[in-house]
Amino acid sequence: MPSFDGGHYFFTALLPINNHGIAEHGHFKSSPVHMVRDALEALPTALQTRASETIGIQSPFARSLRTHFVRLFVIDAAYYNGRDTADSILSAIEKTDLLKAQPVDRMNSPYLVFVADFDPAPDGAPEPRSWLEELWTLSPRELSSVFEYCYGFDGKADAAAFASFVMKGEIDTTMPFNDYWTVPPPLPTMPLWPLALPPLAGLLIGAGVGWGTQSIWLGAIIALALAAAGIVYDYTTVMKVGATPFPTAPNSTLRDVLKALYLQQAFARFAAAQQRSNPAQLRAAFAKFVAETQPGDVTGPTQPPGVVRSSFAPEAL
(Lines give C-alpha, C1' and ligand atoms only; values in the text may rest on other atoms or scores of the structure.)
Protein backbone atom coordinates (compact mmCIF):
# COMPACT_ATOMS: atom_id res chain seq x y z
CA MET A 1 0.00 0.00 0.00
CA PRO A 2 1.92 3.11 -1.20
CA SER A 3 0.24 5.49 1.27
CA PHE A 4 1.56 3.54 4.29
CA ASP A 5 5.30 3.79 4.90
CA GLY A 6 7.67 4.09 7.83
CA GLY A 7 4.91 3.23 10.28
CA HIS A 8 2.81 6.25 9.26
CA TYR A 9 -0.10 6.82 6.91
CA PHE A 10 0.48 9.54 4.32
CA PHE A 11 -2.95 10.65 3.20
CA THR A 12 -3.72 12.63 0.04
CA ALA A 13 -7.22 13.39 -1.30
CA LEU A 14 -8.45 15.61 -4.13
CA LEU A 15 -12.08 16.65 -3.69
CA PRO A 16 -13.87 18.58 -6.47
CA ILE A 17 -15.54 21.81 -5.41
CA ASN A 18 -19.10 22.36 -6.65
CA ASN A 19 -18.43 25.76 -8.17
CA HIS A 20 -21.78 26.25 -9.95
CA GLY A 21 -23.85 29.28 -9.07
CA ILE A 22 -23.59 31.59 -6.11
CA ALA A 23 -23.29 30.35 -2.54
CA GLU A 24 -24.97 32.12 0.35
CA HIS A 25 -23.66 31.95 3.90
CA GLY A 26 -25.51 34.20 6.30
CA HIS A 27 -25.33 37.69 4.81
CA PHE A 28 -22.47 36.76 2.45
CA LYS A 29 -22.78 35.79 -1.20
CA SER A 30 -19.87 34.52 -3.24
CA SER A 31 -18.70 31.66 -5.46
CA PRO A 32 -18.28 28.30 -3.69
CA VAL A 33 -14.53 28.19 -4.33
CA HIS A 34 -14.15 31.58 -2.63
CA MET A 35 -16.27 30.33 0.26
CA VAL A 36 -13.82 27.44 0.65
CA ARG A 37 -10.89 29.85 0.58
CA ASP A 38 -12.58 32.04 3.19
CA ALA A 39 -13.11 28.99 5.41
CA LEU A 40 -9.45 28.01 5.05
CA GLU A 41 -8.43 31.59 5.81
CA ALA A 42 -10.46 31.51 9.03
CA LEU A 43 -9.24 28.06 10.06
CA PRO A 44 -6.76 28.50 12.95
CA THR A 45 -3.21 27.31 12.43
CA ALA A 46 -1.07 25.64 15.05
CA LEU A 47 0.56 27.85 17.71
CA GLN A 48 4.01 27.68 16.12
CA THR A 49 4.88 31.35 15.64
CA ARG A 50 5.01 34.31 18.01
CA ALA A 51 1.98 35.85 16.30
CA SER A 52 -0.15 32.71 16.54
CA GLU A 53 0.90 32.22 20.17
CA THR A 54 -0.30 35.74 20.92
CA ILE A 55 -3.68 35.01 19.30
CA GLY A 56 -3.91 31.76 21.26
CA ILE A 57 -6.50 30.02 19.06
CA GLN A 58 -5.31 26.47 18.41
CA SER A 59 -5.71 24.47 15.21
CA PRO A 60 -8.57 21.94 15.37
CA PHE A 61 -6.17 19.26 14.08
CA ALA A 62 -4.11 19.61 17.26
CA ARG A 63 -6.98 17.91 19.09
CA SER A 64 -5.88 14.63 17.53
CA LEU A 65 -2.94 12.92 19.23
CA ARG A 66 -2.29 10.91 16.07
CA THR A 67 -1.92 13.75 13.57
CA HIS A 68 1.63 14.87 12.73
CA PHE A 69 0.84 17.18 9.84
CA VAL A 70 -2.17 18.51 7.88
CA ARG A 71 -2.38 20.86 4.92
CA LEU A 72 -5.48 22.04 3.05
CA PHE A 73 -5.37 24.16 -0.11
CA VAL A 74 -7.26 24.81 -3.34
CA ILE A 75 -6.09 24.03 -6.88
CA ASP A 76 -7.93 26.02 -9.55
CA ALA A 77 -6.12 24.77 -12.63
CA ALA A 78 -3.31 22.49 -13.71
CA TYR A 79 0.08 24.19 -13.77
CA TYR A 80 1.24 25.17 -17.27
CA ASN A 81 4.89 24.28 -17.88
CA GLY A 82 5.10 25.86 -21.33
CA ARG A 83 5.35 24.25 -24.74
CA ASP A 84 6.56 20.69 -25.04
CA THR A 85 10.28 20.63 -25.73
CA ALA A 86 11.31 19.81 -29.29
CA ASP A 87 14.40 19.85 -31.47
CA SER A 88 14.62 23.28 -33.12
CA ILE A 89 16.13 21.86 -36.32
CA LEU A 90 13.38 19.27 -36.69
CA SER A 91 10.78 21.95 -35.93
CA ALA A 92 12.22 24.12 -38.72
CA ILE A 93 12.23 21.19 -41.17
CA GLU A 94 8.65 20.26 -40.23
CA LYS A 95 7.67 23.96 -40.37
CA THR A 96 6.07 23.81 -36.92
CA ASP A 97 4.02 26.88 -36.17
CA LEU A 98 5.32 27.93 -32.76
CA LEU A 99 2.47 30.42 -32.38
CA LYS A 100 -0.12 27.68 -32.58
CA ALA A 101 -1.16 26.64 -29.09
CA GLN A 102 -0.60 23.03 -28.04
CA PRO A 103 -3.22 21.06 -26.09
CA VAL A 104 -3.32 22.18 -22.44
CA ASP A 105 -4.57 20.12 -19.50
CA ARG A 106 -7.71 21.55 -17.99
CA MET A 107 -9.59 20.70 -14.82
CA ASN A 108 -13.37 20.39 -14.85
CA SER A 109 -13.62 22.15 -11.46
CA PRO A 110 -11.45 23.55 -8.67
CA TYR A 111 -10.21 20.93 -6.22
CA LEU A 112 -9.74 21.00 -2.47
CA VAL A 113 -6.50 19.16 -1.66
CA PHE A 114 -6.28 17.41 1.71
CA VAL A 115 -2.81 16.20 2.74
CA ALA A 116 -1.93 14.62 6.09
CA ASP A 117 0.56 12.44 7.93
CA PHE A 118 -0.81 10.47 10.90
CA ASP A 119 -0.25 7.45 13.12
CA PRO A 120 -2.34 4.35 12.39
CA ALA A 121 -4.84 3.39 15.07
CA PRO A 122 -3.19 1.37 17.88
CA ASP A 123 -6.01 -1.19 17.75
CA GLY A 124 -5.39 -1.94 14.07
CA ALA A 125 -8.59 -0.30 12.82
CA PRO A 126 -8.65 0.19 9.03
CA GLU A 127 -7.08 3.41 7.80
CA PRO A 128 -7.68 6.12 6.78
CA ARG A 129 -11.29 5.57 7.90
CA SER A 130 -10.41 5.37 11.60
CA TRP A 131 -8.43 8.62 11.49
CA LEU A 132 -11.03 10.51 9.43
CA GLU A 133 -13.80 9.47 11.78
CA GLU A 134 -11.70 10.63 14.73
CA LEU A 135 -11.14 14.03 13.07
CA TRP A 136 -14.87 14.50 12.50
CA THR A 137 -15.64 13.54 16.09
CA LEU A 138 -13.14 16.11 17.36
CA SER A 139 -13.85 18.98 14.91
CA PRO A 140 -17.18 18.62 13.07
CA ARG A 141 -17.92 22.36 12.88
CA GLU A 142 -14.52 23.36 11.46
CA LEU A 143 -14.40 20.50 8.96
CA SER A 144 -17.95 21.17 7.79
CA SER A 145 -17.10 24.82 7.08
CA VAL A 146 -14.27 23.73 4.75
CA PHE A 147 -15.83 20.72 3.02
CA GLU A 148 -19.45 21.85 2.68
CA TYR A 149 -19.02 23.21 -0.87
CA CYS A 150 -17.40 20.03 -2.23
CA TYR A 151 -19.36 17.70 -4.53
CA GLY A 152 -21.22 15.03 -2.59
CA PHE A 153 -20.78 16.47 0.90
CA ASP A 154 -23.75 15.92 3.20
CA GLY A 155 -24.28 18.81 5.58
CA LYS A 156 -25.82 16.37 8.06
CA ALA A 157 -22.91 13.92 7.83
CA ASP A 158 -21.76 11.88 10.79
CA ALA A 159 -18.23 10.54 11.31
CA ALA A 160 -18.74 7.47 9.12
CA ALA A 161 -20.34 9.45 6.30
CA PHE A 162 -17.56 12.07 6.39
CA ALA A 163 -14.88 9.37 6.19
CA SER A 164 -16.61 7.68 3.25
CA PHE A 165 -16.97 11.03 1.46
CA VAL A 166 -13.28 12.00 1.82
CA MET A 167 -12.00 8.51 0.96
CA LYS A 168 -13.69 8.73 -2.45
CA GLY A 169 -11.14 11.39 -3.38
CA GLU A 170 -8.07 9.59 -2.01
CA ILE A 171 -5.08 9.04 -4.27
CA ASP A 172 -1.91 7.09 -3.52
CA THR A 173 0.89 8.98 -1.80
CA THR A 174 4.07 7.57 -3.30
CA MET A 175 6.59 9.93 -1.64
CA PRO A 176 6.48 10.10 2.18
CA PHE A 177 7.74 13.27 3.81
CA ASN A 178 9.00 12.43 7.29
CA ASP A 179 12.02 10.57 8.62
CA TYR A 180 12.42 9.71 12.30
CA TRP A 181 15.25 7.22 11.87
CA THR A 182 18.40 8.27 13.79
CA VAL A 183 20.32 5.06 12.95
CA PRO A 184 20.45 3.00 9.73
CA PRO A 185 17.14 1.08 9.48
CA PRO A 186 17.28 -2.73 9.42
CA LEU A 187 16.61 -3.14 5.71
CA PRO A 188 16.93 -6.73 4.40
CA THR A 189 19.44 -7.35 1.62
CA MET A 190 18.51 -9.48 -1.36
CA PRO A 191 21.30 -11.91 -2.35
CA LEU A 192 22.10 -11.95 -6.06
CA TRP A 193 22.20 -15.70 -6.58
CA PRO A 194 18.41 -16.26 -6.28
CA LEU A 195 17.94 -13.60 -8.98
CA ALA A 196 20.62 -15.08 -11.24
CA LEU A 197 19.30 -18.62 -10.88
CA PRO A 198 16.01 -18.41 -12.93
CA PRO A 199 17.58 -16.95 -16.14
CA LEU A 200 20.60 -19.26 -15.81
CA ALA A 201 18.37 -22.28 -15.31
CA GLY A 202 16.41 -21.30 -18.44
CA LEU A 203 19.58 -21.13 -20.50
CA LEU A 204 20.76 -24.51 -19.22
CA ILE A 205 17.39 -26.17 -19.85
CA GLY A 206 17.33 -24.77 -23.38
CA ALA A 207 20.86 -25.99 -24.02
CA GLY A 208 19.89 -29.43 -22.73
CA VAL A 209 16.90 -29.57 -25.07
CA GLY A 210 19.06 -28.56 -28.00
CA TRP A 211 21.64 -31.14 -27.12
CA GLY A 212 19.05 -33.91 -26.72
CA THR A 213 17.17 -33.11 -29.96
CA GLN A 214 20.27 -32.24 -31.97
CA SER A 215 18.52 -29.00 -32.91
CA ILE A 216 20.56 -25.90 -32.13
CA TRP A 217 17.78 -23.52 -33.18
CA LEU A 218 15.15 -25.24 -31.06
CA GLY A 219 17.45 -25.23 -28.06
CA ALA A 220 18.30 -21.55 -28.60
CA ILE A 221 14.64 -20.54 -28.85
CA ILE A 222 13.72 -22.48 -25.70
CA ALA A 223 16.77 -21.12 -23.85
CA LEU A 224 15.96 -17.50 -24.73
CA ALA A 225 12.28 -17.93 -23.87
CA LEU A 226 13.03 -19.51 -20.48
CA ALA A 227 15.74 -16.93 -19.75
CA ALA A 228 13.28 -14.12 -20.56
CA ALA A 229 10.70 -15.73 -18.25
CA GLY A 230 13.37 -15.84 -15.52
CA ILE A 231 14.12 -12.14 -16.01
CA VAL A 232 10.40 -11.31 -15.77
CA TYR A 233 10.23 -13.36 -12.55
CA ASP A 234 13.25 -11.47 -11.16
CA TYR A 235 11.67 -8.11 -12.05
CA THR A 236 8.41 -9.06 -10.38
CA THR A 237 10.25 -10.22 -7.26
CA VAL A 238 12.33 -7.04 -7.00
CA MET A 239 9.27 -4.79 -7.47
CA LYS A 240 7.34 -6.75 -4.83
CA VAL A 241 10.17 -6.40 -2.32
CA GLY A 242 10.57 -2.71 -3.22
CA ALA A 243 6.88 -2.09 -2.51
CA THR A 244 7.29 -3.36 1.07
CA PRO A 245 6.65 -0.49 3.52
CA PHE A 246 9.71 1.10 5.11
CA PRO A 247 10.17 -0.19 8.68
CA THR A 248 8.78 1.86 11.54
CA ALA A 249 11.33 3.94 13.42
CA PRO A 250 11.42 3.37 17.18
CA ASN A 251 9.47 5.88 19.26
CA SER A 252 8.07 7.73 16.23
CA THR A 253 4.40 8.15 17.12
CA LEU A 254 3.18 11.69 17.77
CA ARG A 255 3.06 10.99 21.51
CA ASP A 256 6.70 9.81 21.43
CA VAL A 257 7.78 12.87 19.44
CA LEU A 258 6.00 15.27 21.80
CA LYS A 259 7.56 13.56 24.81
CA ALA A 260 11.01 13.79 23.22
CA LEU A 261 10.57 17.51 22.54
CA TYR A 262 9.46 18.07 26.13
CA LEU A 263 12.43 16.13 27.56
CA GLN A 264 14.87 17.92 25.28
CA GLN A 265 13.79 21.31 26.60
CA ALA A 266 13.46 20.12 30.19
CA PHE A 267 16.94 18.60 30.20
CA ALA A 268 18.46 21.76 28.72
CA ARG A 269 16.96 23.73 31.63
CA PHE A 270 18.17 21.11 34.09
CA ALA A 271 21.73 21.17 32.72
CA ALA A 272 21.88 24.97 32.88
CA ALA A 273 20.61 24.98 36.48
CA GLN A 274 23.13 22.38 37.69
CA GLN A 275 26.35 23.92 36.38
CA ARG A 276 27.76 24.60 39.88
CA SER A 277 26.39 21.50 41.65
CA ASN A 278 28.74 19.00 43.29
CA PRO A 279 28.36 15.27 42.49
CA ALA A 280 26.05 14.57 45.43
CA GLN A 281 23.82 17.52 44.61
CA LEU A 282 23.78 16.53 40.92
CA ARG A 283 22.71 12.95 41.67
CA ALA A 284 19.92 14.16 43.93
CA ALA A 285 18.79 16.77 41.40
CA PHE A 286 18.82 14.25 38.56
CA ALA A 287 16.74 11.79 40.58
CA LYS A 288 14.22 14.57 41.16
CA PHE A 289 14.35 15.47 37.44
CA VAL A 290 13.54 11.88 36.42
CA ALA A 291 10.73 11.65 38.96
CA GLU A 292 9.17 14.89 37.74
CA THR A 293 9.58 14.40 33.97
CA GLN A 294 8.86 10.62 33.88
CA PRO A 295 10.82 9.88 30.68
CA GLY A 296 9.15 6.50 30.16
CA ASP A 297 5.59 7.85 30.23
CA VAL A 298 4.49 9.37 26.90
CA THR A 299 1.14 10.48 28.35
CA GLY A 300 2.67 13.09 30.61
CA PRO A 301 4.19 15.34 31.53
CA THR A 302 4.75 16.17 27.86
CA GLN A 303 4.52 18.89 25.24
CA PRO A 304 1.00 19.61 24.00
CA PRO A 305 0.39 19.08 20.28
CA GLY A 306 0.39 22.05 17.94
CA VAL A 307 2.90 24.22 19.84
CA VAL A 308 6.52 25.02 19.13
CA ARG A 309 7.74 24.91 22.74
CA SER A 310 6.81 23.44 26.11
CA SER A 311 5.69 25.58 29.03
CA PHE A 312 7.53 25.37 32.35
CA ALA A 313 6.84 27.10 35.64
CA PRO A 314 9.59 29.59 36.59
CA GLU A 315 10.67 27.41 39.52
CA ALA A 316 10.38 24.13 37.62
CA LEU A 317 13.44 21.88 37.39
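The model is a predicted one, so please read the distances and accessibilities below as computed values. Across the whole structure, a search finds eight salt bridges. Several of the points below come back to R66 and to helix α4, so these make handy places to start looking.

**Salt bridges around R66**

- R66 pairs with E127 in a salt bridge whose closest N and O atoms are 2.5 Å apart.
- R66 sits in the loop between α2 (50-55) and β5 (67-75), while E127 sits in the loop between β6 (111-118) and α4 (129-138), so this bridge ties together parts that are 61 residues apart in sequence.
- Are the two partners buried or exposed? Both R66 and E127 are buried.
- For R66 the relative accessible area is 10%, and buried means under 20%, so R66 falls in the buried class.
- R66 also forms a salt bridge with E134, and here the closest N and O atoms are 3.5 Å apart.
- E134 counts as partly exposed, at 23% relative accessibility.

**Along helix α4**

- R129 and E133 join their side chains in a salt bridge, at 3.4 Å from N to O.
- Both R129 and E133 belong to helix α4 and are four residues apart, which is about one turn of the helix.
- An α-helix has 3.6 residues a turn, so residues three or four places apart point the same way.
- R129 is partly exposed, with a relative accessible area of 26%, and E133 is partly exposed too, at 24%.
- Elsewhere, salt bridges that share partners join R63, R141 and E142 into one network.
- S130 is another residue of helix α4, and S130 is buried at a relative accessible area of 16%.
- The S130 side chain makes a polar contact with the side chain of R66, at 3.4 Å.
- Setting aside neighbours within four places in sequence, S130 is in contact with R66, A121 and A125.

**How α4 meets α5**

- Two packed helices are described by the angle between their axes and the distance between the axes.
- Helix α5 covers residues 140-147, and α4 packs with α5 at an angle of about 105°, the axes being 5 Å apart.
- Angles of 65 to 115 degrees count as roughly perpendicular, and α4 and α5 are therefore roughly perpendicular to each other.
- Which residues make the contact? On the α4 side they are L135, W136, T137 and L138, and these meet P140, L143 and S144 of α5.
- Sorted by class, the contact of α4 with α5 has five nonpolar residues, two polar ones and no charged ones.
- Within α5, the buried residues are E142, L143, S144, V146 and F147.
- The cover over those buried α5 residues includes β2 (8-16), α1 (32-42), β5, β6, α4 and α6 (159-167).

- Where is Q303 found? Q303 lies in the segment after α10 (279-293).
- Q303 is buried, with a relative accessible area of 2%.
- The Q303 side chain makes a polar contact with the side chain of Q265 at 2.7 Å, and another with the side chain of S310 at 2.7 Å.
- Leaving out neighbours within four places in sequence, Q303 is in contact with L258, L261, Y262, Q265, V308, R309 and S310.

- P16 is in strand β2 and is partly exposed, with a relative accessible area of 24%.
- Not counting residues up to four places away in sequence, P16 touches S109, P110, Y111, C150 and Y151.
- The C-alpha atoms of P16 and V33 are separated by 9.9 Å, the two residues being 17 residues apart along the chain.
- G56 has its place in the loop between α2 and β5, and G56 is partly exposed, with a relative accessible area of 44%.
- From G56 to T45, 11 residues apart along the chain, the C-alpha atoms are separated by 9.9 Å.

Notes:
Residues numbered from 1 in each chain as written. Predicted model: local features only at pLDDT ≥ 70, side-chain atom pairs only at ≥ 80, totals over all residues. Heavy atoms only, no water. Salt bridge = Lys/Arg side-chain N within 4 Å of Asp/Glu carboxyl O. Helix = DSSP H or I, 4+ residues; strand = E, 2+ residues; numbered from the N terminus. Buried < 20%, exposed > 50% of the residue type's maximum accessible area, 1.4 Å probe, protein only. Axes fitted to C-alpha atoms, helices over the stretch in contact; angles between N-to-C directions. Parallel < 35°, antiparallel > 145°, perpendicular 65-115°, else oblique. Contact = heavy atoms within 4.5 Å. Nonpolar A, V, L, I, M, F, W, Y, C, P; charged D, E, K, R; others polar. Polar contact = N/O pair within 3.5 Å; in protein donor to acceptor, adjacent residues only side chain to side chain.
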